[in-house]
Amino acid sequence: MSSSDDVSKSAEKVWGENMSSDEEVAAASRPYFIGKKENIIQARRVLKSVGGRDVLVMYHQGDFYAIDARCYHSGGPLQEGDIEDFDGRPCIVCPWHKYKITLDEGEGLYQAVDPSVKPLKPTWCSKGIKQRIHTVTESNGDVFLTLNNSPGAIDSDYYQTEKYRDTILKEGRKKTN
Ligand code: FES
């Protein structure tokens, strides 16, 4: 079994089975044990379901990041995306249509050219925060995730809804099987 499997199993054991939905929501606003730091560093990426939300936890160049697992554009699986720097910022590149999302803020980045500035040169611009990011903390070698429950819709929220998970996602799986 891989270390990511170990981490995943330990977290799934802790979460949920005898909880009411109210308890899940309350628990999701607290730091939630994800796994041992060394295991997550080794795995680099861990996919977790916390409080009904699928979150991708990543370790990249000395830092931990946590971000909604499905891309804000059309639900692409970010756990399969590459991490690259754009404009000096680490971003995950969605494997479906190559949208770039900053790991620290969840901003969507794009390149634009100002035709009034010569010579023409593309520059990186932000669409604003599109992907909900979450907080990762460490304590004594353990890593915890706290969901970002801030009010106000963020585009990636749609792909975390019950409707999306229970109908659209399952339909898509059926079509590909
Ligand atoms: S689904 Fe991610 S870029 Fe389209």
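Here are some questions and answers about this predicted model.

Q: What makes up the protein in terms of helices and strands, and how many residues count as buried?
A: The protein has four helices and eleven strands. Of its 177 residues, 40% count as buried.

Q: How much confidence does the predictor have in the protein?
A: The mean pLDDT is 85, and 81% of the residues reach 70 or more. Over residues 1-20, though, the pLDDT is below 50. That stretch still has 32 contacts in the model beyond near neighbours in sequence. Where pLDDT is low, the predicted coordinates should not be read in detail.

Q: Why is S156 called buried?
A: Buried means under 20% relative accessible area, and S156 has 0%, so S156 is buried. You'll find S156 in the loop between strand 11 (142-146) and helix 4 (162-176). Setting aside residues up to four places away in sequence, S156 touches D68, R70, Y72, K130, Q131 and R132.

Q: What makes the pair of S156 and D68 a polar contact?
A: The cut-off for N or O atoms is 3.5 Å, and the side chains of S156 and D68 make their polar contact at 2.8 Å.

Q: What else can be said about D68, and is it buried or exposed?
A: D68 is part of strand 4. The relative accessible area of D68 is 0%, so D68 counts as buried. Besides S156, the side chain of D68 makes a polar contact with the side chain of R53, again with a value of 2.8 Å. Beyond four places in sequence, the contacts of D68 include D54, L78, H134, D157 and Q160.

Q: How do you know how many disulfides there are?
A: A disulfide is a covalent bond between the sulfur atoms of two cysteines. The rule asks for a pair of cysteine sulfur atoms within 2.5 Å, and by this rule the count comes to zero.

Q: Why are C91 and C94 called buried?
A: The limit is under 20%. C91 has a relative accessible area of 0%, so C91 is buried. C94 has 2%, so C94 is buried too.

Q: How many aromatic pairs are there, and why is the pair of Y72 and Y99 called tilted?
A: A search of the whole structure finds seven aromatic pairs. The ring centres of Y72 and Y99 are 5.7 Å apart, and their planes are at 50°.

Q: What parts does the pair of Y72 and Y99 tie together?
A: Y72 lies in the loop between strand 4 (63-68) and strand 5 (82-86), while Y99 lies in the loop between strand 6 (89-93) and strand 7 (100-102). The pair therefore ties together parts that are 27 residues apart in sequence. With 8% relative accessible area, Y72 is buried, whereas Y99, at 25%, is partly exposed.

Q: What makes the pair of Y158 and Y159 edge-to-face?
A: The angle needed is over 60 degrees, and the planes of Y158 and Y159 are at 85°, with 4.9 Å centre to centre. Y158 is partly exposed at 36%, but Y159 counts as buried at 10%. Together with Y164, these two form one aromatic cluster.

Q: How do you know that K127 lies over the face of Y99?
A: The distance limit is 6 Å from the ring centre, and K127 is at 3.9 Å from that of Y99.

Q: Which peptide bond is cis?
A: The bond joining K118 and P119 is cis, with omega about -5°. P119 sits in the loop between strand 8 (107-113) and strand 9 (122-129). Most residues other than glycine have a negative phi, and most peptide bonds are trans.

Q: What is the phi of Q61 and of N140?
A: Q61 has a positive phi of about 45° although it is not a glycine, and N140 has a positive phi of about 50°, also without being a glycine. Q61 is in the loop between strand 3 (53-60) and strand 4, and N140 is in the loop between strand 10 (133-139) and strand 11.

Q: Why are Q61 and N140 called exposed?
A: Exposed means over 50%. Q61 has a relative accessible area of 65%, so Q61 is exposed. N140 is at 75%, so N140 counts as exposed as well.

Note on methods:
Residues numbered from 1 in each chain as written. Predicted model: local features only at pLDDT ≥ 70, side-chain atom pairs only at ≥ 80, totals over all residues. Heavy atoms only, no water. pLDDT = per-residue confidence, 0-100. Contact = heavy atoms within 4.5 Å. Helix = DSSP H or I, 4+ residues; strand = E, 2+ residues; numbered from the N terminus. Buried < 20%, exposed > 50% of the residue type's maximum accessible area, 1.4 Å probe, protein only. Polar contact = N/O pair within 3.5 Å; in protein donor to acceptor, adjacent residues only side chain to side chain. Phe/Tyr/Trp six-rings, centres within 6.5 Å; stacked < 30°, edge-to-face > 60°. Lys NZ or Arg CZ within 6 Å of the ring centre and 35° of its normal.
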